[in-house]
Amino acid sequence: MLKTYLDLTKFGIVIFVLIAGLAGYVTGFQFETAFSFAHLLQFLLGLYLVSSGSLAMNQLQEWRIDQKMPRTRKRPIASGKIKPVAGGILAVCFILAGLQQLYIVSVFSAWIGFFSVIFYNIFYTMWWKKSWAYAAIPGALPGTLPVTMGYVATNPDVFSYESVYLFLVLFLWQMPHFWVLALKYKDDYAAGGIPVLPVAKGRKKTVQQIGIYTVGFVGIALLSPLFVHASWCYYFFVLPISCKVFLEFLRFQKREDDKNWLRFFLWTNLAVLVYLITPVLDKWNFVLGY
């Protein structure tokens, strides 16, 4: 039963969402204010509930499509382990409870969480994803907002350099991340009638777009000293992993059989974690005087 629940709420994705939210929270924290561990836990609880509910709602919305795709047909609602009504009730309850918790923490965070659900479960899931090859671009917005929700939970300046940097890193990462997976599971998406970029435009166009967004993703990280405080952590972590991501993309690009997809995929995932965490380390090192 626990596994079914974790699969319904896509727990692996939620863990990453919580890490992104935590990075935003700690980066935005204003040191002249008293730190409250209860405040942090309440934010993480609200973010967990909203993201879990939204992802469960997505499975409710797409269970018929999931049944057509080998990769997704074993999901709880698609496989019949959970009834659609039960999944829908859990999703709605989680979303409402999560928004309530976020509202207590920060009204701004709650509004961003609300718009994230609207963008993901209505605009992306119901319209863009089903009809547009480039749906991943606007669809990346709700996947980016958790880091902004974390930032404004402790700092109302949503357009600060720090906040903009965190937003851009997470936003630009999602296109290489998703389109590499779409290349790997191209046949699945075609069977489900989803016109993702590899299905609609082919491998060559997809790899070109992956390259463009990889350059943007890594480029923003390399320019991070313009946005956030940078010290030894930047040189020790950001520079070498940026070179590694570029190298892995070149290897991936050269292979027509896509056998290097997993290496590139894993390195970009590691890179985004490094790019989000490094500003936290550098900021706190600077403040604490180390």
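## Crossing of helix 8 and helix 11

In this predicted model, helix 8 and helix 11 cross in a left-handed manner. Helix 8 spans residues 161–184 and helix 11 spans residues 203–222; their axes lie 9 Å apart and form an angle of about 155 degrees. Because angles over 145 degrees count as roughly antiparallel, helix 8 is roughly antiparallel to helix 11.

On the helix 8 side, the contact includes Tyr-165, Leu-168, Leu-172, Trp-173, Trp-179 and Leu-183. Helix 11 contributes, among them, Arg-203, Gln-209, Ile-210, Tyr-213, Phe-217 and Ile-220. The residues of this contact comprise 16 nonpolar, four polar and one charged.

## Nonpolar cores

The largest nonpolar core contains 79 residues, and Trp-179, Phe-217, Phe-252, Tyr-275 and Leu-276 have the most contacts inside it. Helix 8 supplies the largest share of this core, with 13 residues. Trp-179 of helix 8 and Phe-217 of helix 11 also take part in the contact described above.

Beyond its neighbours within four places in sequence, Leu-276 contacts Ala-20, Ala-23, Val-147, Leu-166, Val-169 and Leu-170. A second, separate core has seven residues, including Leu-8, Ala-56, Met-57 and Ala-91.

## Surroundings of Ala-140

Ala-140 belongs to helix 7, which covers residues 136–152. Its relative accessible area is 1%, so Ala-140 is buried. When residues up to four places away in sequence are not counted, Ala-140 touches Phe-171, Gln-174 and Met-175.

How values were computed:
Residues numbered from 1 in each chain as written. Predicted model: local features only at pLDDT ≥ 70, side-chain atom pairs only at ≥ 80, totals over all residues. Heavy atoms only, no water. Axes fitted to C-alpha atoms, helices over the stretch in contact; angles between N-to-C directions. Helix = DSSP H or I, 4+ residues; strand = E, 2+ residues; numbered from the N terminus. Parallel < 35°, antiparallel > 145°, perpendicular 65-115°, else oblique. Left-handed = near helix turned anticlockwise from the far one by under 90°. Contact = heavy atoms within 4.5 Å. Nonpolar A, V, L, I, M, F, W, Y, C, P; charged D, E, K, R; others polar. Core = buried A, V, L, I, M, F, W, Y, C linked by side-chain atoms within 4.5 Å. Buried < 20%, exposed > 50% of the residue type's maximum accessible area, 1.4 Å probe, protein only.
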